[in-house]
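User: Could you take a close look at one part of this model for me? Pick a single spot, walk me through its surroundings, and then tell me how the rest of the chain looks.

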Amino acid sequence: MPSEASIGVKAAVIREKSGEFHIEDLCLETPRRDEVLVRIAGVGVCHTDLVCRDQYFPVPLPCVFGHEGSGIVESVGESVTKVKPGDRVVLSYLSCGECEPCLEHSPGYCHELYGCNFAATRRDASTTLRKGSEVIHGNFFNQSSFATHALATEKNTVKVPDDVPLDLLGPLGCGVQTGAGAVMNSLNPRPGMSIAIFGCGSVGLAAVMAAKVAGCSQIIAVDPNASRLELARELGATHAIDPTQGDPIEGIHQIRPTGVHYTLECTGIPEVLRQAVDSLTLTGVCGLIGVSPVGTECAIDMNSIMFGRSLRGIIEGDSVPDVFIPRLVELYKQGRFPFDKLITFYKLEDINKAVEHTEQGKVIKAVLRP
Ligand SMILES: [Zn+2]
Ligand SMILES: [Zn+2]
């Protein structure tokens, strides 16, 4: 095996299913031709990191997770032209760029999406991290950014401007772009239309902000957590419904008797998906973005779909990261997309505390700073 040049990094390693994160000193390879080495400024904790820790998807262990990184480019491979050392970047998901959906500008539906993001190796199956002679899996979402440094490729690296706080921006690479994109790209409501958002974590609250940007006249937030409903109102929700205090479908029909034009399911719970479909007006569209274990089923009344309603799944907010992330940054600068209100910072060493607070619902979006 050729011995590649490497640098010393610190990273949070998961060694066993559902185990704790361990901060360890590792060696990370320096960039190959199309790769970019990024010194991480901030990295968001996303639900997907935790379900992979729990092996909902069989990501090989030991592994460094983290897929909402932002930072400064430290070095680049010889073929990289998009960014140069010193540039500020957000790291997003990887797509192959060659399959039919990629060629039709829908990289979220890339046929190689799993291999590109969950194999925890390069696409040629080589690995990038080790501890002595032990292989540690990296390349999670082509970055593994729960670390001081991450190795990405040009393709999933998005350049961002210098005049925004860099450590805030990582969540734009996954959770925030998913919620905002589901509204602004996928559902695309016209001004004056109505939307109900089920689940007000970081994805749902990003959707609330996007619905305000889109000019929706009724933005209904549905969540059992009172403090999240309060934040949803602050961010643009016109109505808030606590589903433990009564049937949310009835609550939505009290606000708009014929139902709402759009709903967004952000919880991954089958009963909530059913409620989201049943809250639609005729010809309304329900977007599904909540992740559930493989094999999860949901009963839908066929007649409710018959009358022009539809239900569609949405990955990464149908966004092309190079196009959409700079748009969100611009809206943030204008004060119209204050996603910083979702974020609580932790030190990378405190990752276990950040994860605990996330799982307890105490914080909406934890961002780790190395
Ligand atoms: Zn593809
Ligand atoms: Zn994510």
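Ala210 is buried, with a relative accessible area of 0% (buried means under 20%, exposed over 50%, partly exposed in between, with a 1.4 Å probe and protein chains only). Before going on, the ground rules: this is a predicted model, where local features need pLDDT of at least 70 and side-chain atom pairs count only at pLDDT 80 or more, while totals for chains, interfaces and linings use all residues. Residues are numbered from 1 along each chain as its sequence is written, chains are lettered from A and ligands numbered from 1 in the order written, and side-chain values use heavy atoms, with hydrogens and water left out.

Back to the spot itself. Ala210 sits in helix α5, which covers residues 202–213; helices here are DSSP runs of H or I with at least four residues, strands are runs of E with at least two, and both are numbered from the N terminus. Skipping neighbours within four places in sequence, Ala210 touches Ala180, Val183, Met184 and Phe337, where contact means heavy atoms within 4.5 Å. Arg336 is 126 residues away from Ala210 along the chain, yet their C-alpha atoms are separated by 8.8 Å.

Zooming out, residues 24 or more positions apart account for 68% of the chain's contacts with a separation of 6 or more. Buried residues, Ala210 being one of them, make up 56% of the 370 in the chain.

As for the overall fold, the chain has 11 helices and 17 strands. Its radius of gyration is 20 Å, close to the 21 Å from the globule rule for 370 residues, so the chain is as compact as a globular protein of that length; the radius is taken over C-alpha atoms, and the rule is 2.2 Å times the number of residues to the power 0.38. Along the principal axes, the C-alpha atoms fill a box of roughly 65 × 40 × 40 Å.

Now the aromatics: searching the whole structure turns up 10 aromatic pairs. Rings of Phe, Tyr and Trp (its six-membered ring) pair if their centres lie within 6.5 Å, with planes under 30 degrees apart called stacked, over 60 edge-to-face and the rest tilted. Phe140 and Phe141 have ring centres 5.1 Å apart and planes at 65 degrees, so that pair is edge-to-face. Phe140 is buried at 0% relative accessibility, and Phe141 is buried too, at 5%. Ring pairs link both into a cluster with Phe57, Phe65, Tyr114 and Phe118.
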